[in-house]
Amino acid sequence: MNDEKERARYAARVQAYRIVSRAYFHLPVVVVFLTQQGFGPLATAALLALYGVTAALGDHVVAPLRRRLSLAGCLVAGEAVKLAGLLVLLAPVSTGIAVVSQLLAGLGFCLTAGTDAALASTLLSGERFRTREARTQAGMFLISFAAGVLGAVAYARYDRAPFLLSALGCAVAALSVLPGGRGGLRAKAAEPGAGAVAATGPGRVPPWQVRLWASYYSVSRAVLLTAYTFLLPLLLFFGERLSVTMFGAVLGLYTLCGLLSVRLSLAWQRRYSATTLFWLSSGAMVLGLLLLVPGGLPATAGGTALLGLAGGTVRPTTMGFLGPAMAGLSDAERQRVTRGLERRQGIVQAVLLIGAGLWLGSGGSAAEAVAGCAVLVVAGQAVAARLVARRPQETGPDGGPEGRTPAASGAPPVSAR
């Protein structure tokens, strides 16, 4: 009985960790901060891209540490690395300082990405896990929104304040997940992360439908996060010239709408179909990008909200088709596909960021860069639409473990975290 109570208490602490660790006070102001520190558009985009590439490929760097630590130990170490990356920015900012900060942030993400959910699944199961997971996902979105707005307010008073607040959040998160009580609460050693080939072996090439839906997810998420982390801040702060506080509130619409769409997407699929959710998600993404092009606060705010709705539905939409397409794959092959989604997304996002930075550096506008993203999205949606049209029949969204516990896709991985 005591062991069961202890396990339940620790499960609650892990839930608290998963929510607190998403308190990104600095998120809305990263681009503003770097620009005001003298970094040009290309340099700023390159720094954001560095984080994405590190988060996508750095798992091989941290793999030896992951093998030696428990799941909880990986979370504590990851938060410590992220905290170090944030504190580095308290020094006078140079190119070297900014690069070190991004590298540490990306490596910290590699240690924590997916590890928190894995640890939670060792402590709870069945209906209790699903109920706790739904509450946790909602908490992640809400704290991301609140921290983003508060961080913007704090930035208006002291430009390093959001980074200090995020560092404090890392410390609180690490303390909340420290294993306590008996050793039985210590989870098994962490497996190699998302990029580790050793976890699944070489395997065969997945079917073309699987590869195309995986690409649809990676490109869609990369476009959304490029807009959210780079282009939208430029449009809102330097284009619309909003106050920092108003800027944080408008950008927060992305997170709030992402929460709404995540909560409703699976219910929509159950009542209607994955196909209708695909069209809704695609329409929101394309229309949201197009609304950003002409400018003006109402259109930009509406576009931000629509992109948030699309961000929350991309993963459920993808899994509604990808899950059934993977039906003939082994567990190891399915794991390889789903793990590769985020890695590919990070690489595509880095390419888009560098492309946008080059465009802006050559005299182009952020609105024109958004228009380019819209063209890319329309092309990708056309390919996906052909796959949808060729689908023989509707199947439920639950194509496997990924379909049963959707990730918080509206809460983006961010730079300088």
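User: At what angle do the axes of helix H5 (residues 71-88) and H6 cross, and within what distance do they come?

Analyst: They cross at roughly 165 degrees and come within 8 Å. Axes here are lines fitted to C-alpha atoms, for helices over the stretch in contact, and angles run from 0 to 180 degrees between N-to-C directions. This is a predicted model, where local features need pLDDT of at least 70, side-chain atom pairs count only at pLDDT 80 or more, and totals for chains, interfaces and linings use all residues. Residues are numbered from 1 along each chain as its sequence is written, and side-chain values use heavy atoms, with hydrogens and water left out.

User: What makes a run of residues a helix?

Analyst: Helices (H or I, at least four residues) and strands (E, at least two) are DSSP runs, numbered from the N terminus.

User: Why is H5 called roughly antiparallel to H6?

Analyst: Set the angle against the cut-offs. Under 35 degrees counts as roughly parallel, over 145 as roughly antiparallel, 65 to 115 as roughly perpendicular, and the rest as oblique. The H5 and H6 axes cross at roughly 165 degrees. That makes H5 roughly antiparallel to H6.

User: Which hand does the crossing of H5 and H6 have?

Analyst: The crossing is left-handed. The term applies if the near helix is turned anticlockwise from the far one by less than a right angle; clockwise gives right-handed. Residues making the contact include Gly-78, Val-81 and Gly-85 of H5 and Ser-101, Leu-104 and Gly-108 of H6. Contact means heavy atoms within 4.5 Å.

User: How do you know how H5 and H9 are oriented to each other?

Analyst: H5 and helix H9 (residues 161-177) pack at about 165 degrees, with axes 9 Å apart. H5 and H9 are therefore roughly antiparallel to each other. H5 passes H9 in a left-handed crossing. Among the residues that meet are Leu-83 and Leu-86 in H5, and Ala-167 and Ala-174 in H9.

User: What makes H4 oblique to H6?

Analyst: Helix H4 (residues 59-68) and H6 pack at about 50 degrees, with their axes 9 Å apart. That makes H4 oblique to H6. H4 passes H6 in a right-handed crossing. Asp-59, Val-61, Val-62, Leu-65 and Arg-66 in H4 meet Leu-107, Cys-110 and Leu-111 in H6.

User: How do you know whether the span of helix H3 (residues 41-57) agrees with what it should be?

Analyst: The expected span is 1.5 Å times one less than the number of residues. The 17 residues of H3 should span 24 Å, and the end C-alpha atoms are 24 Å apart, which agrees. Buried residues of H3 include Leu-47, Leu-48 and Tyr-51. The buried residues of H3 pack against helix H2 (30-36), helix H6 (95-112), helix H10 (208-239) and helix H14 (331-361).

User: Why is Ser-261 called buried?

Analyst: Buried means under 20% relative accessible area, exposed over 50%, and partly exposed in between (1.4 Å probe, protein chains only). Ser-261 has 6%, so it counts as buried. Ser-261 lies in helix H11 (residues 244-271). Not counting residues up to four places away in sequence, Ser-261 touches Gly-308, Leu-309, Gly-312 and Thr-313. The C-alpha atoms of Ser-261 and Leu-309 are separated by 5.3 Å, yet lie 48 residues apart along the chain.

User: Is Pro-324 buried or partly exposed, and why?

Analyst: Pro-324 has a relative accessible area of 30%, so it is partly exposed. Pro-324 is found in helix H13. From Val-210, Pro-324 is 114 residues away in sequence and 9.2 Å in space, C-alpha to C-alpha.

User: How many aromatic pairs does a search of the whole structure find?

Analyst: Eleven. In one of them, the ring centres of Phe-237 and Phe-238 are 4.9 Å apart and the planes lie at 85 degrees, so the pair is edge-to-face. Phe-278 and Trp-279 also form an edge-to-face pair, at 5.0 Å centre to centre and 65 degrees between the planes.

User: What makes two rings a pair, and a pair edge-to-face?

Analyst: Rings of Phe, Tyr and Trp (its six-membered ring) pair if their centres lie within 6.5 Å; planes under 30 degrees apart count as stacked, over 60 as edge-to-face, and the rest as tilted. Ring pairs also link Trp-213, Tyr-216, Phe-278, Trp-279 and Phe-321 into a cluster.

User: Why do Phe-278 and Trp-279 get their accessibility labels?

Analyst: Phe-278 is at 0% relative accessibility, so it counts as buried. Trp-279 has 47%, so it is partly exposed.
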